[in-house]
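Let's take a walk through this structure together.

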Amino acid sequence: MADYLLYATERYALPILAPLAETLQAAGHRAHALLVRGAAGSALPAPVRAVGVREAVALKPRAVFSAANDVPTFIPGAKVQLFHGFNVEKRSDERGHFRVRGLFDLYCTQGPATTAPFRALAEAQRHFAVVETGWTKLDPLFRGHDAEAAALRAPAAGRPVVFFASTFTERLSAAPHLHAAIAAEVARGERYWLLTLHPKCPAALFERYRALAGPNAAFVETEQLVTAQRAADVLVADTTSVVSEFVVQRKPVVTFRNRAPKPHMLDFDDPARLPEMLARAFAPTAALQAAIDAYAEAIHPSRDGRAGERVLAATDALLAGELGTLRRKPLAGWWRGLQLRRELGYWGR
């Protein structure tokens, strides 16, 4: 039995860490959570225990699993990157998904599309290892019957279910532009809607979308994101990583002004076309379905719901020295570690 630490800086990290906590507990280990910044005040299901910074250090965890861009390097244990989303090309590689900050010992990648670039970076820089494990957040998508997803879908009473999700990035967000079109669809009642927004979206926007809840729609919270994806037939979104998460199920996605539209997406730029795009999504052509299947294989081919087990195995391999000897972390990592000490108020005993 060993102690492990789960680290999050935003609420959207909790559905990534929760399946891993279950894996750790099933293996007889203890899981603790350090939740800071936007995740402060949140909680993971028992028996995961929330700890403060000093207690996290005193635990001397075997590993720290991070679903954030950073990790406190002053906490003992291997530093393992789980990622907080897929690569949706919001930014350049140097500033986005493939940015290496010099903090992590192990990157647990989601699929070939991310494994190959990170392995190339690892070979060049030599201070971290890479193992393709699949993404823990998606483990619940591929397990047996999901009672929570069934409960979310029940009010549809046999109607098709559409899930709407939007990023918080103002220049990329569909939420301000599609509200009227979605409200009209909800009022029509032909389909049942599940609605959510990124936790960083403006409060006024949350109020507008929550107000649509009723017999034809429900608003779901960030912690219910995976459940809502499993419950829905079609996704309407923008340049959020939820698009990739949803496609992994081999289901159609409609995107509004996606920054980098792909063949597996039904992308559009005029809100008045939403009804047309929904009709196409609910009757996908063979070509569209083939594009969806191909993209899913590239980003997340595993469909066994066992990514958490592979993450734990990869961490064991790292600690056993089976992934090679790592070089010292670069100066940039040391500097970021110092900044995190200051932010979290830890300077030793």
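A salt bridge here means a side-chain nitrogen of Lys or Arg within 4 Å of a carboxyl oxygen of Asp or Glu. Before we use that, some housekeeping: this is a predicted model, where local features need pLDDT of at least 70 and side-chain atom pairs count only at pLDDT 80 or more, while totals for chains, interfaces and linings use all residues. Residues are numbered from 1 along each chain as its sequence is written, and side-chain values use heavy atoms, with hydrogens and water left out.

**Salt bridges**

Side chains of opposite charge can pair when their charged atoms come close. The structure holds 23 salt bridges, and three of them are set out here.

| Salt bridge | Closest N and O atoms |
|---|---|
| E22 with R143 | 3.3 Å |
| R336 with D70 | 2.9 Å |
| D139 with R143 | 3.9 Å |

Start with the pair E22 and R143, whose closest N and O atoms are 3.3 Å apart. This pair links distant parts of the chain: E22 sits in helix α1, R143 sits in the loop between β7 (129-132) and α4 (147-153), and 121 residues separate them. Helices (H or I, at least four residues) and strands (E, at least two) are DSSP runs, numbered from the N terminus. How open are these side chains to the outside? On the scale used here, buried means under 20% relative accessible area, exposed over 50%, and partly exposed in between (1.4 Å probe, protein chains only). E22 has 45% relative accessibility, so it counts as partly exposed. R143 is partly exposed too, with a relative accessible area of 34%.

Next comes R336, which forms a salt bridge with D70. R336 lies in helix α12 and D70 in the loop between β4 (63-66) and β5, so the pair ties together parts that are 266 residues apart in sequence. R336 is partly exposed at 22%, whereas D70 counts as buried because its relative accessibility is 4%.

R143 also has a salt bridge with D139. D139 counts as buried, at 2% relative accessibility. Elsewhere, salt bridges that share partners join R11, R210, E221 and E223 into one network.

**Pockets and cavities**

Rolling a probe the size of a water molecule over the atoms shows where empty space is left. On a 1 Å grid over the protein atoms alone, a cavity is a set of points where a 1.4 Å probe fits but cannot get out, and a pocket is an open set with protein on both sides within 12 Å along at least five of seven lines; lining residues have an atom within 4 Å of a point. Grid points are joined across faces, edges and corners, and a volume is the space filled by probe spheres set on the points.

The second largest pocket holds about 470 Å³ of space. Its lining has 22 residues, and A18, P19, E22, P140 and E148 lie nearest its centre. By type, the lining has 12 nonpolar, 4 polar and 6 charged residues. Here Ala, Val, Leu, Ile, Met, Phe, Trp, Tyr, Cys and Pro count as nonpolar, Asp, Glu, Lys and Arg as charged, and the others, Gly among them, as polar.

The largest cavity has a volume of about 30 Å³, and D139, F142 and H300 are among the residues that line it. That lining divides into 3 nonpolar, 3 polar and 4 charged residues.

A cis peptide bond, with omega of about 10 degrees, joins A46 and P47. P47 is in the loop between β2 (30-35) and β3 (49-50).

Positive phi values in residues other than glycine turn up as well. R126 has a phi near 65 degrees and lies in the loop between α3 (112-125) and β7. A157 has a phi of about 50 degrees and belongs to the loop between α4 and β8 (161-164). R126 is partly exposed at 42%, while A157 counts as exposed at 68%.
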